[in-house]
Amino acid sequence: MTSIISIDNLDAHYDDRQVLFDVNLQVNPGEIMVIMGGSGSGKSTLLKHLLALKKPTQGKIQIDGHDIGSISSKELKELRKKMGVAFQGGALLSSLTVGDNVRLPLEHNTNLDTQTIDIMVRLKLELMNLAGFENLMPAELSGGMLKRAGLARAVIMDPRILCFDEPSAGLDPVTSVELDELILKLREAMNMTMIIVTHELESAFKIADRIMVLFDGKVAMVGTPDEIRNSDDKRIQNLINRKSRDEEVDGDAYLKRLVTGD
Amino acid sequence: MQSIMNGVSNIGGYTRNVISFIGMSFVFLLNIFKSLFSRIPPIREIVRQIQFIGVKSLPVLLVSSLFTGMAVALNLYNALIRFGSADLLGPSVAVGLIRELGPVMTALMIIARVSSATCAEIGIMRNEQQFDALDCMAVNSYRYVMLPRLMAALISLPILTAVFDMVGIAGGYIVGVVIHGESAGTYIQGIFDTVTFNDVLIGQIKSLVFAVLIIWIPMAYGYFLHLNRKAAGAAGVSHATTKAVVISAISMLVMNFIISSLML
């Protein structure tokens, strides 16, 4: 099967600090790929590169056959119309109502008439259990509602690829489960390829077809949820079993850090 | 020796950052103007911004222009009366307001009310990934977010300046005619006889140039907020807003002097 997303030898930096090291990943069409790892492991940076919001220091990212490092801005715009992104905090425009936020991609990228757009907006809001909230401002919504409104906006163009940054972060367990079910429902209904960045284990194992585990910017493993569960890698087992890292402490270096601050 | 080297290195780093920021800001402005030709500008957003920049600034502008005009007239009257030239009060107030005080004071009021708010709003949009979201939705943020603000400022500022001039002249009338009993005819006719089309033109050109400066600078500071990784979050927004207001005001005053010198 030809991959819809292909990442080859990706390196990324923030200024002088390297955050991703030789990352490789292939994602098949219709697959739910979860990118998992602890805080600061490079998950969100990897997502930013996939969305062409950051340029890689080295390596190649291909999406739907396009190398997004060398693509023209016109081609990138066309590619982005096939991709939906749900950001961690929703990233709804605070000056627009929920309804206006959701309709924004359609108004800018299609020639549909207002009535059709209205129906599509209501349809997606209904799907996200947000019917009747279209005239509220984002500031009036709860965290879970913001995420669902962001998801409604992300799927309004019926994208082929959906990227979701931390769907469960900051949500109560019930809302988190509802969101996971919504993701599975969306895949079933629209056969989207999904890239989901999360550090929520339960959610990851429930929704993923395959999981990529990142540690300190390096790929530790890519595999099915069962393969990840049965991994011999101690760091992965620590992550799954919520154990702290057993790092050996260098006494001299520790004292030097305390005294000099270096 | 090491501290001197560190100092030189810091100055070098700071200079490089300033030059790089100025370069990026000019490309940013160019991109905003370029977006004008990509599609029909978002009219609804422009109207909303005109309401924010123009209409909602009117009350504060009316009060400040009235008292500025009165203060100017009061000072001028006391100076002119010593030379027996109180009949020149109308033209003096009008020329001073139309050429200098009108555009400058209006711009300062807009900097205080709009530039700070614009920088804070755009900075928060950057912090909350709203620009990333727009990029990912294939929505041109220059056209959708920046252009309406720039166009609204270009439309509103000349009108606000004209309003400031007229209310200021009325303030001068209150001081000269109503309080000090000068002739109303002399005050008004003097203005018509002295103020030329060139005076009005200079004031309006200034207001257009100021409009670009006082909206472009805060937008650039907000938009590039994320590049200063050491001052992100709420502290970053506060830092950027303060800088944007100060730089907008200084560059407006410098530009005022340049235009006045060129068009005298």
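Me: By relative accessibility, what does A:K82 count as?

Reply: A:K82 counts as partly exposed, at 34% relative accessibility. The classes use relative accessible area: buried is under 20%, exposed is over 50%, and partly exposed lies in between (1.4 Å probe, protein chains only). This is a predicted model, in which local features need pLDDT of at least 70 and side-chain atom pairs count only at pLDDT 80 or more, while totals for chains, interfaces and linings use all residues. Residues are numbered from 1 along each chain as its sequence is written, chains are lettered from A and ligands numbered from 1 in the order in which they are written, and side-chain values use heavy atoms, with hydrogens and water left out.

Me: Which side chain meets A:K82 in a salt bridge?

Reply: General idea first. Side chains of opposite charge can pair when their charged atoms come close. The rule for a salt bridge asks for a side-chain nitrogen of Lys or Arg within 4 Å of a carboxyl oxygen of Asp or Glu. Here A:K82 meets A:D64, at 3.4 Å from N to O. A:K82 sits in the loop between α2 and β6 of chain A, and A:D64 in the loop between β4 (58-63) and β5 (66-67), so the pair ties together parts that are 18 residues apart in sequence. A:D64 is partly exposed as well, at 24%. Over all chains, the count is 17 salt bridges.

Me: How are A:E107 and A:R103 placed in helix α3 of chain A?

Reply: An α-helix has 3.6 residues a turn, so residues three or four places apart point the same way. Helices are DSSP runs (H or I, at least four residues), as are strands (E, at least two), and both are numbered from the N terminus. A:E107 and A:R103 are four residues apart, about one helical turn. Their salt bridge has its closest N and O atoms 2.9 Å apart. A:R103 is buried at 10%, whereas A:E107 is partly exposed at 29%.

Me: Which residue forms a salt bridge with B:R126?

Reply: B:D132, with the closest N and O atoms 3.8 Å apart. B:R126 is buried at 14%. B:D132 is buried at 13%. Back in chain A, salt bridges that share partners join A:D64, A:K82 and A:R160 into one network.

Me: How many residues of chain A are in contact with chain B?

Reply: Contact means heavy atoms within 4.5 Å. By that test, 26 residues of chain A are in contact with 19 residues of chain B. Buried area is the accessible area (1.4 Å probe) that two parts lose on being put together, summed over both. Between these chains, the buried area is about 1900 Å², and carbon and sulfur atoms give 57% of it. The count of salt bridges between them is zero.

Me: What span should helix α9 of chain B have?

Reply: Expected span is 1.5 Å times one less than the number of residues. The 31 residues of α9 (233-263) of chain B should span 45 Å, and the end C-alpha atoms are 44 Å apart, which agrees. Its buried residues include B:G236, B:A244 and B:I259. The buried residues of α9(B) pack against α4 (89-127) and α8 (197-223) of chain B.
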